[in-house]
Amino acid sequence: MKYKYLLFDLDGTLTDPKEGITTSVQYALKSFGIDEPDLDKLEPFIGPPLKDSFMKYYGFNEEQAQKAIVKYREWFSPTGIFQNRIYPGTAQMLAALKNEGKVLAVASSKPTVFVEKILNHFEIRQYFDVVVGSELNGVRGSKEEVVEEALRQLSASIDKEHTAMIGDREFDVFGGKEHGLTTVGVTFGYAGEGELEAAGADYIVNTVEELRRLLIQ
């Protein structure tokens with residue numbers, strides 16, 4: 001596998017955000033009178049756009065989902081954003097990739113302002129040439145749109161044959177495939193059993209070390 005341009009998802013791929021995301025969802029649901037004590041049940045919120053998840057899993061209409069996002073951010077912005085941890089070995093992997101001349105980008109469904117704070121918090125921002133997320137107003141809500149913008153910022157003439165999208169959910173695979181990229185799924189994130197295979201990921205790895213070995217070639 002010889003790729004120069006590498007697009008990384010954030011949540012479930014570079015960091016484990018479970019506590020921060022699920023407690024923020026829990027806080028938002030409580031404002032609607034919904035008590036969900038089991039944070040494990042809220043794991044499906046990790047990865048896809050929040051609006052879609054509130055509508056899919058709790059039957060919210062669009063207006064309710066938007067209000068829920070506002071409540072979510074009341075907890076996430078000051079507190080949940082830092083209830084997060086970087087996967088062991090990730091910083092070393094990113095440094096090795098940069099040393100090999102790879103061009104790295106983040107392509108996340110999370111709002112860019114939060115992505116930047118998280119990357120800086122874990123001191124890995126310097127490895128990325130481009131950081132793209134969604135906007136707080138909902139613009140670039142799908143992973144396909146995020147990948148498109150990341151590719152645009154990387155280079156107008158980027159060689160897609162030498163570009164890969166790395167992520168832990170089917171949305172990352174779909175987003176990469178929509179733009180003709182090779183896709184790499186990581187099982188240490190939050191995909192359901194068989195999700196990455198069903199989505200058609202070109203490669204699937206089980207550890208950060210496996211990912212490093214695959215991408216360093």
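1. Y203 in β8 is the bridge partner of V184. Strand β7 (residues 182-186) pairs with β8 in the parallel sense over three bridges; two strands pair if DSSP finds at least two bridges between them. Helices (H or I, at least four residues) and strands (E, at least two) are DSSP runs, numbered from the N terminus.

2. On the basis of the note: this is a predicted model, in which local features need pLDDT of at least 70 and side-chain atom pairs count only at pLDDT 80 or more, while totals for chains, interfaces and linings use all residues. Residues are numbered from 1 along each chain as its sequence is written, and side-chain values use heavy atoms, with hydrogens and water left out.

3. The open sheet has six strands in the order β5-β4-β1-β6-β7-β8, with parallel pairing. Its edge strands, β5 (130-134) and β8 (203-205), each pair on one side only. On average, neighbouring strands of this sheet are turned by 20 degrees against each other, direction ignored.

4. Helix α5 (residues 112-121) lies across β4 and β5 and runs at about 125 degrees to β4. Axes are lines fitted to C-alpha atoms, for helices over the stretch in contact, and angles run from 0 to 180 degrees between N-to-C directions.

5. T112 belongs to helix α5. T112 is buried, with a relative accessible area of 16% (buried means under 20%, exposed over 50%, partly exposed in between; 1.4 Å probe, protein chains only). Leaving aside neighbours within four places in sequence, T112 is in contact (heavy atoms within 4.5 Å) with V131, V132, G133, S134, E135 and R140.

6. The largest pocket holds about 490 Å³ of space. Its lining has 28 residues, of which P49, L50, K51, S109 and S134 are the closest to its centre. The elements giving two or more residues to this lining are α2 (50-58), α3 (62-76) and β4 (103-111), and α3 gives the most, with six. By class, the lining divides into 13 nonpolar, eight polar and seven charged residues.

7. The largest cavity has a volume of about 30 Å³ and is lined by D9, G47, S109, K143, R169, F171 and D172. This lining divides into one nonpolar, two polar and four charged residues.

8. Grid points are joined across faces, edges and corners, and a volume is the space filled by probe spheres set on the points. Ala, Val, Leu, Ile, Met, Phe, Trp, Tyr, Cys and Pro count as nonpolar, Asp, Glu, Lys and Arg as charged, and the others, Gly among them, as polar.

Definitions and conventions: 1 Å grid on protein atoms, 1.4 Å probe; cavity = no way out; pocket = protein on both sides within 12 Å on 5 of 7 lines; lining within 4 Å.
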